[in-house]
Amino acid sequence: GKDGYRHYMEKELHEHPLVIGQTLQRMIDPATRKVVLPDLPFDLATVPRAVITACGSAFYAGMVGRYWLEEIARLPVDIDVASEMRYRDPPLSAGSLGLLISQSGETADTLAALRSLREKAIHILSVLNVEHSTMARESDVMLGTVAGPEISVASTKAFTAQLTVLACLTIATARARGTLDPIGEEELVAALMDLPSRAAEVFNQGNAIRQMATIVAEARDVLYLGRGSMFPVAMEGALKLKEISYIHAEAYAAGEMKHGPISLIDRTVPIVASVPSTPLFDKTLSNLQEAKARGGRLLVFTDTQGADRVSAIAEQIVVLPRVHDFVAPILQTIPVQMLAYEVAVLKGTDVDQPRNLAKSVTVE
Ligand code: M6R
């Protein structure tokens, strides 16, 4: 049942803190506070590159994974949506790592990509929520997200669980490749262990998010902006808004806005920006100032440290707890999903079963 929530999506949004915690329990040894992976039939220290492929939200989780694996583990990563990866036929040396991400483990495009990678002697590691799925059977190794069943067609908790697994995989890969020393690992693990409590605090911002939703619900088009690992968070926010509120939304890397979409900006196109105080804060802020100067209405997700500097230009602001830069994309995802939910409620759509969509897309 919905446990008193209005929709499964609302219930599942509230499960973020629990699901992140459960997934960490699976991946981190409580005694040593080290990431522990199952036995792998390949060596993370020597895989020449990783190719990440998935669809929809799972693909955006993969994009965050790419930032992490490249930056922290110095592993070269290629990424594409599964329906393109399969036909692109990228040249890959045998022994590369195929990283497939799927909540259901049944998505036809992702499964087809998995099979075509297998044929090229690529090791298959899948990040899956449904542990007895077709993809689980056809992978060399599976890392489970411990999100429990996700009923809402719009993915919520499975996405943060995917990010949690990818964060742990990054730590293990970095350790194996010698790019992260024990002190560095301790710091990143501590940041992850801190997340469930910080995630729970996001729900204190419910009123501010509902206020933002009243502005978004009036719009026909919405622009989402973010830089670095916050760009896929913007993409996730835009997808969620489209899916359940039927409002057109597009996500741009904040720095790319001036190369075209800036001409769209006026008072009728609200801009939702995810801007925690990471090293990319200043650059993103100046992009937002450019948008503001052109009459854009800024709706900004930031943290306690960024709040003062953002409030000068933002029409609405949601202040989240300050967390380690590494885990900021996980925390920042929660409020953008909540925003989409509140807009859909205002619009009165069928939140859990949006038109034209199925929970698991089993055709190519
Ligand atoms: O089951 P999967 O994770 O493979 O599904 C992939 C996408 O179909 C899925 O994430 C879809 O984009 C969601 N409806 C997003 O909310």
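**Close-up 1. Helices α3 and α11 at the second largest pocket.** Two helices, α3 and α11 (281-293), each put at least two residues into the lining of the second largest pocket. Helices here are DSSP runs (H or I, at least four residues), strands are E runs of at least two, and both are numbered from the N terminus. The biggest contributor is α3, which gives four residues to this lining. Pockets and cavities come from a 1 Å grid over the protein atoms alone: a pocket is an open set of points with protein on both sides within 12 Å along at least five of seven lines, a cavity is a set where a 1.4 Å probe fits but cannot get out, and lining residues have an atom within 4 Å of a point. The second largest pocket has a volume of about 350 Å³, where volume is the space filled by probe spheres set on the points, with points joined across faces, edges and corners. It has 19 lining residues, and Glu71, Ser229, Thr278, Pro279 and Asp325 are the closest to its centre. Sorted by class, the lining comes out as ten nonpolar, six polar and three charged residues. Ala, Val, Leu, Ile, Met, Phe, Trp, Tyr, Cys and Pro count as nonpolar, Asp, Glu, Lys and Arg as charged, and the others, Gly among them, as polar.

Before moving on, some ground rules. This is a predicted model, with local features needing pLDDT of at least 70 and side-chain atom pairs pLDDT 80 or more, while totals for chains, interfaces and linings use all residues. Numbering runs from 1 along each chain as its sequence is written, and side-chain values use heavy atoms, leaving out hydrogens and water.

Close-up 2. At about 500 Å³, the largest pocket is lined by 26 residues, with Cys55, Gly56, Ser57, Lys359 and Val361 closest to its centre.

**Close-up 3. What touches the ligand.** A shell of 14 residues surrounds the ligand, the closest being Ser102, Gln103, Ser104, Thr107 and Glu243 (a heavy atom within 4 Å counts as near). Both α3 (56-73) and α10 (230-245) supply at least two of the shell residues. For polar contacts (N or O pairs within 3.5 Å), a polar side-chain atom of Glu243 lies 2.5 Å from a ligand nitrogen. Ligand oxygen atoms lie 2.9 Å from a side-chain N or O atom of Lys240 and 2.9 Å from a backbone N or O atom of Ser155. On its own the ligand exposes 410 Å², and the protein buries 90% of that (Shrake-Rupley, 1.4 Å probe).

**Close-up 4. The largest cavity.** The whole-structure search turns up two cavities of 30 Å³ or more, and the largest has a volume of about 50 Å³. Its lining includes Pro276, Asp303, Arg322 and Leu331. Helix α13 (residues 328-347) gives the largest share, three residues.

**Close-up 5. The second largest cavity.** This one has a volume of about 40 Å³, and its lining includes Met85, Arg86, Ser116 and Lys120. Both α4 (82-88) and α5 (108-119) give two or more lining residues, with α5 providing the largest share, three.

Key. Polar contact = N/O pair within 3.5 Å; in protein donor to acceptor, adjacent residues only side chain to side chain.
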